[in-house]
Amino acid sequence: MKVRLNLVVGGSILDKAILERVLEEALKKGGDFAEIYIEEKQLSNVFCEDNRIEKVNSGREKGAGIRVVKDGKTAYVYTTDLSEEGLLKAAGVARHASANGKETSPIALSPKQPAFTISCKRLPDTVSFDEKIENVLAANKSARDVSEEIRQVTVAAGDLHKKVIIANSDGELAEDERTRIRVIVSTVAARDGIIQTGYESAGGVCGWELLEEIAFEDMAEKAARLAVNMLSARPAPAGRMPVVMSCEAGGTMVHEACGHGLEADLVQKGLSVYKDKIGEKVAAEGVSVIDDATLDGKYGTFRFDDEGNYGQRTVLIKDGVLQQYMYNRLTAIKDSRDSTGNGRRDSYQDKPIPRMSNTFIASGRDDPETIIKSTPSGLLVKKMGGGQVNTTNGDFVFDVQEAYMIEDGEVTYPVRGATLTGNGPMVLNGIDMVGTDLGFSIGVCGKDGQGVPVSDAQPTIRIKELTVGGTAPTGGPAKRRIRRV
Amino acid sequence: MEDFLRNTGEKALDLARKKGVEAEAFLLQGRELSIEVIDGQVETFKEAEEAGLGLRVINQGRLGFVFTSDLSDEAVKQVVEDAISISHYTEADPHNCLPSGKYEYPVLEVYDPAIPAASLEAKIEMAREVEKVARSSDHRINIIERAGYEDSEFISVIMNTRGVYASGRGNFCGIYVFVVAEEDGDAQNGFSVMIKKNYKDLDSIFTGKEAAGNAIRALHARSISSAHLPCVMEPYVVTRFVSLLAQMVDAGMVQKGKSMFAGKLEQAVAAPVVNLVDDATWAGGIGTFPFDGEGVPSRRNTIIKDGILTGYLYDCHSASKAGVEPSGNGQRGSFRSLPSVGTSNFILQTGRPGSQELYDDIKKGLYITEVMGMHTANPISGDFSVGAAGIMIENGKLTYPVRGATIAGNLGDFFSDIESLGSDLRFFGGRGAPSIRLKSLSIAGD
């Protein structure tokens, strides 16, 4: 199949003059700012379950979102009608909300050049379904070969190619092409009525050359081994204890514990524990947190954000001290500063809001092996799952998919069913060792009903104390209580 | 608009017939309005429209699916060609099938003309009102995170080459407010959302007051020690657990061994007081509609009766595989995806009415008002471990608020430990439940 994407970008249907007319129409009754965001995407998915290729899908969608901002208030209209008439009509509806303004001057758009290139060697439409299916089936086999206890394997491989045009009344015109690949394996293992699951995912802003970097079959084997190993795991303990998070555990913790709380919209509404804390110590010394949209090929990478601002590297926390928040255009204006290029949206149907890109705790000085060895007892987290945070009070929770007990500096037996809860600033201040390594995980982050692709990372770290929510009736917490008396 | 959708669908089906494949066209046209207010002013006003086609072909048992938002003749032709071309890559499955025959659809009230008839000003006023009520109901409500009004309407058309034709128009409306209460350096969230099929049922005063009350009661929460305690859960929290049941009774999941309810039909899976139904004909339900996403008529399905698992939910594929009739649960979220098993109005039924609170005779327990990270619970293994907040129960009374606890266990034990259910059934979207009382839960705290 041939991708037909040149309808919008570079084609004659929407040239600069049309965009200028639409923006002028949007501001006809006044307003501080108008913007048009046009997107055309093509996606495809291959899905294997029950040992067979069950579904292959593809789809095309295009649409435009127009917004008019006046005194910080937004009118947003979206449409799938990309004709000049359709766009002018949508612009007319958007401007409705900001009546009685004065006429604005003509708009002249000038294109913005991207600051770096994103390499994409094998575009989705150049890779046949046969090749994707071959890889998916090989992964399925590799997972099932691990053990007869593997009862189900689901393998999915998807790609997305998106072209966007963003033009605004400041005269900025940004055009971009984005390609993303995501592969997922999930496994189910069963033994004597106990069922456990395993999960692995990989992806990036790149083409199908990703398959050269990640071996799909190895991922599947890993997911299968995890499910089988967890069958023998004991129930996790309940209570507070030291937690070592291995770098391969991924960055869910940093995403939940501080990432969301540093998004400027939440800060400005008073919904973040990090409000009014710029320049203050919010984490232990040696802890730096960075959001970087420019990392090569990572799942949260972009050249332009969805408002046409350059994707950039922003140091959020430096050596324990809070440096700045993540901004989109509107929140930046409110704080009289520039956007940090974190204005992102799910699709043309959504207004851009401050979002993370690739967020990570920077590597430190401790040898990862030594971190475990110097921990008398606690929990070693090897793989994290999803999480959630209440930014107002900083309380967060996330799921642990693979964990082991540490006893006298040695990793002993696996435990299952643990969830970690904590409080953002308290946990960041409780990090007492930071490893030299760095491990990434990918995901789709949800906020206000919008999902955007992100990646998160951290080195191996140790947190002095976190609440582990397991079910085992251990003596641990009871002993602590006795000691307290 | 319905005519346009029907004609577009006809074109797709004609092309498919000419190519000798079975096909189903699902067409959806939707409109939405959302108004968000801050300090009595409209902060975001959004109006939108979308339309699209999702085409499923079955080519000698092989499945192909393609969607498009472009409904031009040329695009529709391309969609049919792509779907057929894709079908060559999937494996044949005798259970890939489309419903056939002349269905009679139930007549249900699913469209309220009062929603489009209400003026924009009235809707803005309602959003302002819910914000105002929340803010003014207590001096400690210092921040309104979001408050607003939304409505949505759609026309859906399903037609296939086996003669099924179903079309319908539905709408609903809602208001919401998210607040923060602050006092002495402590800040706590509270929210309330009301979604209704009828415009006249929206109650901004109730919604505003409830959100404020939820935030206030959580102020100055303490942590608690780890323990096993009896618990009472509010309807909202119960619906979160009931949502996990939705995947567990999905016949597709069951058949693939991805549900802990696999092989449990006619067995006890919950306490004898537990009754669960999925009812797409429930009057006023958000999930109420005459037909499902495959054009199968809606009906009421009993899932758990007196604690015994009596049935699963089926779409056409899983029903064919199990050798039963589809239950009318082939749901679709949009034109962008294939139908799959889903719930309509999924309801945990109320217990016996009584004037007593469920916690009246609990000496020490936890009244749970909030759970966090529910998406991490595992409906396959049944393991869950989620963050929880609530109010301590002491000698039958609600005393001080609690936060930062984790509750954990297995869903099998959870549903078997339900001792009693309240009479306070409430819906949150398409999920309804009353309060419940649990014998004991493992709580991790300090």
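Reply: The area buried between chain A and chain B is about 5900 Å², with 50% of it given by carbon and sulfur atoms. On the side of chain A, Arg60(A), Tyr78(A) and Lys269(A) lose the most area to chain B, together 10% of what that side buries. This is a predicted model, in which local features need pLDDT of at least 70 and side-chain atom pairs count only at pLDDT 80 or more, while totals for chains, interfaces and linings use all residues. Residues are numbered from 1 along each chain as its sequence is written, and side-chain values use heavy atoms, with hydrogens and water left out.

Me: What makes about 5900 Å² a buried area?

Reply: Buried area is the accessible area (1.4 Å probe) that two parts lose on being put together, summed over both, so the value of about 5900 Å² covers chain A and chain B together.

Me: Why is the meeting of Lys321(B) and Asp50(A) called a salt bridge?

Reply: The term requires a side-chain nitrogen of Lys or Arg within 4 Å of a carboxyl oxygen of Asp or Glu; the N to O distance here is 3.3 Å, and therefore the pair qualifies. The count between chain A and chain B is 11 salt bridges.

Me: How do you know that strand 2 of chain A and strand 3 of chain B pair?

Reply: Two strands (DSSP runs of E, at least two residues) pair if DSSP finds at least two bridges between them. Strand 2 of chain A and strand 3 (residues 62-68) of chain B have 4 bridges in the parallel sense, so they pair.

Terms used
Chains lettered and ligands numbered in written order.
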